[in-house]
Each structure stands twice: as C-alpha cells, then as structure tokens.
Amino acid sequence: KGLDMRIVFIISFIVNMILVAVGLVLCPGKVAIHFGIGGEPDSWAWAGVNALIMSGVNILIFVSFFFAIYLVRITPSRWINMPNKEYWLRPENRDKMESKLKPHLWRFGTLTLILLFIVNSLAIQANLSEPVRLREDIFLYSLGLYIAYVIYWCVKIMMAFRVPKEELR
C-alpha cells in the first residue's frame, strides 16, 4: 500500500530535531536568524535561542498535524471548515472522514517539515559561510514548490471530500 505517511511524518520530525542539534553544535555563538532581500542577514540571536525557537516551531508543527484529527473530534461542527461538512460530519460518516483525512494531514505535515528542514539547513550553511549570506535562490525555489504543493493539496482535499455519488440520489 506504499509508505505509511504517519511513519514518514514522524521520521521527518526526528530528522529536523537532529538538524537543530547539529546546528547548535556547528554554528558560532551568535547566528543570523533572519535574512532580507539578497540573502543578507538582518537579525541575529544567540545560537541557543535559535535552537529553542527552531525546536519550538518543529514541535508546534508536529503536534498540530499529528493531533489535528483529535481536535476535529472535539470541535463543534460549526467551527470546522471542510468541503461538504454537512455530509462528512454526520455521526455515521465521521469514522470514514477521519480515516480519509489522516493521510492528507500527515502528507501536508511532512512537506511542511521538509520545507523547515531546507530552511534550517540553508540558515546553518549561511552561518558557516564568510560572509554570512543565505542562498536565496534555493530558498525561493523551495518556497515556490511548497506553495505549488499547498495548491495541489487543497484540490486533493476538495476532491477527496466530495459527497459520494450514491448519496446524491
């Protein structure tokens, strides 16, 4: 049946956390944490603070996507926005909706963590170079691919949560 996206999602989170630790060890005490046009650093912080922020972002992304389905269970229907929610949020359809939604969430979470991995890798590389400069071309290309994936993902969600034809009769 292919890759278990839940496992890939968990592994991508672990790899990102390892990268944060590697960056903490390799980078100087003060690191560029934000870059402007042209890849020029415009904000600096202590490497430990950067590692805490990056760890927090990784954990937030992981928890948000991993436990999103549980939030859907406890959130009132009026606060949920999804295609054909009147059909999919009926008690008799919720199990099917959850089983369809989980892999989509894990895929989206995995791609989000991959983008974060690329960004953190570029930041580490920039902080190890002299002068400090971000590879803006790789960043923009990665961001463009991510945005294209977001659009694709939204279309897939809309298609996945159409009302089944047998229900339309």
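A salt bridge is taken here as a side-chain nitrogen of Lys or Arg within 4 Å of a carboxyl oxygen of Asp or Glu. The views below come from a predicted model.

**Figure 1. Close-up of the salt bridge between Arg135 and Asp137.** The side chains of Arg135 and Asp137 meet with an N to O distance of 2.7 Å, and the pair therefore falls within the 4 Å limit for a nitrogen of Arg and a carboxyl oxygen of Asp. Arg135 is partly exposed, its relative accessible area being 38%, and Asp137, at 46% relative accessibility, likewise counts as partly exposed. The structure holds four salt bridges, and two others are treated in the next views.

**Figure 2. Close-up of the salt bridge between Arg133 and Glu40.** In this pair the side chains of Arg133 and Glu40 meet at 1.5 Å, taken from N to O. The pair links distant parts of the chain, with Arg133 placed in the loop between α5 (94-128) and α6 (136-160) and Glu40 in the loop between β1 (30-35) and β2 (41-46), 93 residues apart. Arg133 has a relative accessibility of 40% and so counts as partly exposed, while Glu40 is partly exposed with a relative accessible area of 36%.

**Figure 3. Close-up of the salt bridge between Glu98 and Arg73.** The closest N and O atoms of Glu98 and Arg73 are 2.8 Å apart, and the two residues form a salt bridge. Because Glu98 lies in helix α5 and Arg73 in helix α3 (residues 68-74), the pair ties together parts that are 25 residues apart in sequence. Glu98 is buried, with a relative accessible area of 7%, whereas Arg73 is partly exposed, with a relative accessible area of 41%.

**Figure 4. Close-up of the largest nonpolar core, around Phe161.** This core has 32 residues, and those with the most contacts inside it are Phe9, Met82, Met97, Leu101 and Phe161. At least two core residues are supplied by each of the helices α1, α2 (47-66), α3, α4 (85-88), α5 and α6, and the largest share, eight residues, comes from α5. When neighbours within four places in sequence are left aside, Phe161 is in contact with Met82, Pro83, Asn84, Trp88, Met97, Lys100 and Leu101.

Figure 5. With neighbours within four places in sequence left aside, the contacts of Ser12 are with Thr110 and Leu113.

**Figure 6. Close-up of the nonpolar patch on the surface.** Ile14, Ile18, Val22, Val25, Leu26 and Leu128 form this patch, and together they have about 560 Å² of accessible area. Helix α1 (residues 5-26) gives the most to the patch, with five residues. One of the patch residues, Val22, is found in helix α1, and with 36% relative accessibility Val22 counts as partly exposed, a value that lies over the 30% relative accessible area required of patch residues.

Note on methods
Residues numbered from 1 in each chain as written. Predicted model: local features only at pLDDT ≥ 70, side-chain atom pairs only at ≥ 80, totals over all residues. Heavy atoms only, no water. Patch = residues over 30% accessible without salt bridge, like charges linked within 9 Å, V, L, I, M, F, W, Y side chains within 5 Å. Areas by Shrake-Rupley, 256 points an atom, 1.4 Å probe, with all protein chains shown as cover. Helix = DSSP H or I, 4+ residues; strand = E, 2+ residues; numbered from the N terminus. Buried < 20%, exposed > 50% of the residue type's maximum accessible area, 1.4 Å probe, protein only. Core = buried A, V, L, I, M, F, W, Y, C linked by side-chain atoms within 4.5 Å. Contact = heavy atoms within 4.5 Å.
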